[in-house]
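Hi,

Here is the structure I promised to pass on. Have a look at it first, and my notes follow below.

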Amino acid sequence: MPDSELTQEARGGVQVPAAATAGAQVTVVVLGHPGEQVRIWLHSNPTLLATVTLNADGQAVVTIPAGSTPGQHRIVVQAMDGTLIGWGDIQVAAAAKADPAEESLPVTGPQTGWPALGMAIALMVGGAMLARRRRYAQQ
């Protein structure tokens with residue numbers, strides 16, 4: 001959908017936050033369309049954020065892409081047949097950059113997945129020992 005179709009007359013029916021940070025989630029409210037499936041776009045350089053089914057309140061949560069250019073943008077909501085439902089302005093701020101000092105810190109402690117694996121092994125060994133003890137107790 002070209003930006004030329006995003007006129008003031010077509011603006012209504014969509015509520016978006018005034019501002020958001022790139023990479024953040026925002027709630028879009030589409031008035032009068034609960035339960036409908038829609039496409040939600042970020043405009044300047046049109047980017048499809050999501051194809052979603054609005055909840056009973058006409059709301060959907062979408063994520064502003066982390067690489068979005070800071071500045072004024074529009075969130076555009078389109079029906080599945082391609083017709084424009086409405087749009088709203090949003091000011092996108094740059095995502096906070098990670099502290100370079102934190103990036104160089106060594107990783108300590110167990111890595112993701114290892115605690116669960118250790119627990120599973122401990123439970124298997126414990127179960128095997130219990131079964132063996134019961135077998136000997138019955139003899």
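Strand 4 and strand 5 are joined by a hairpin through 3 residues. One of the facing pairs is Q37 with T53 in strand 5. For the wording: helices (H or I, at least four residues) and strands (E, at least two) are DSSP runs, numbered from the N terminus, and two strands pair if DSSP finds at least two bridges between them.

Before you read further, a word on the source: this is a predicted model, where local features need pLDDT of at least 70 and side-chain atom pairs count only at pLDDT 80 or more, while totals for chains, interfaces and linings use all residues. Residues are numbered from 1 along each chain as its sequence is written, and side-chain values use heavy atoms, with hydrogens and water left out.

On confidence, pLDDT is the predictor's own score for each residue, from 0 to 100. The protein chain has a mean of 81, and 66% of its residues reach 70 or more. Among its elements, strand 6 has the highest mean pLDDT (96) and helix 1 (residues 100-103) the lowest (56).

Overall, the protein chain has 2 helices and 8 strands, in the sequence pattern β-β-β-β-β-β-β-β-α-α. Of its 139 residues, 26% count as buried (under 20% relative accessible area; exposed is over 50% and partly exposed lies in between, with a 1.4 Å probe and protein chains only). The chain exposes about 9,100 Å², with carbon and sulfur atoms supplying 57% of that; the areas come from the Shrake-Rupley method with a 1.4 Å probe. Taking contacts (heavy atoms within 4.5 Å) with a separation of 6 or more, 59% are between residues 24 or more positions apart.

Now the sheet with strand 6 in it. This is an open sheet of 3 strands in the order 1-3-6, with antiparallel pairing. Strand 1 (14-15) and strand 6 (59-63) are at the edges with a single partner strand each, so one side of each has no neighbour in the sheet. Strand 3 (residues 25-30) is joined to strand 6 by 5 bridges. Here V26 stands opposite V62, and V29 has Q59 as its bridge partner. In a regular strand, side chains alternate between the two faces of the sheet. Strand 6 has A60 and V62 on a covered face, and Q59, V61 and T63 on an uncovered one.

Which side chains meet in a salt bridge? Those of R74 and D89, at 3.9 Å from N to O. The rule asks for a side-chain nitrogen of Lys or Arg within 4 Å of a carboxyl oxygen of Asp or Glu, and by this rule the count comes to 1. The pair links distant parts of the chain, 15 residues apart: R74 is in strand 7 (residues 71-79) and D89 in strand 8 (residues 84-93). R74 counts as partly exposed at 25% relative accessibility, and D89 does at 26%.

Last, have a look at H33, in the loop between strand 3 and strand 4. Leaving out residues up to four places away in sequence, H33 touches L54 and I85. H33 and L54 are 21 residues apart in sequence, yet their C-alpha atoms are 7.4 Å apart in space. The H33 side chain also makes a polar contact with the side chain of E36 at 3.0 Å. That term means a pair of N or O atoms within 3.5 Å; within protein, one must be able to donate a hydrogen and the other to accept it, and residues adjacent in sequence count only if both atoms are side-chain atoms.

Cheers
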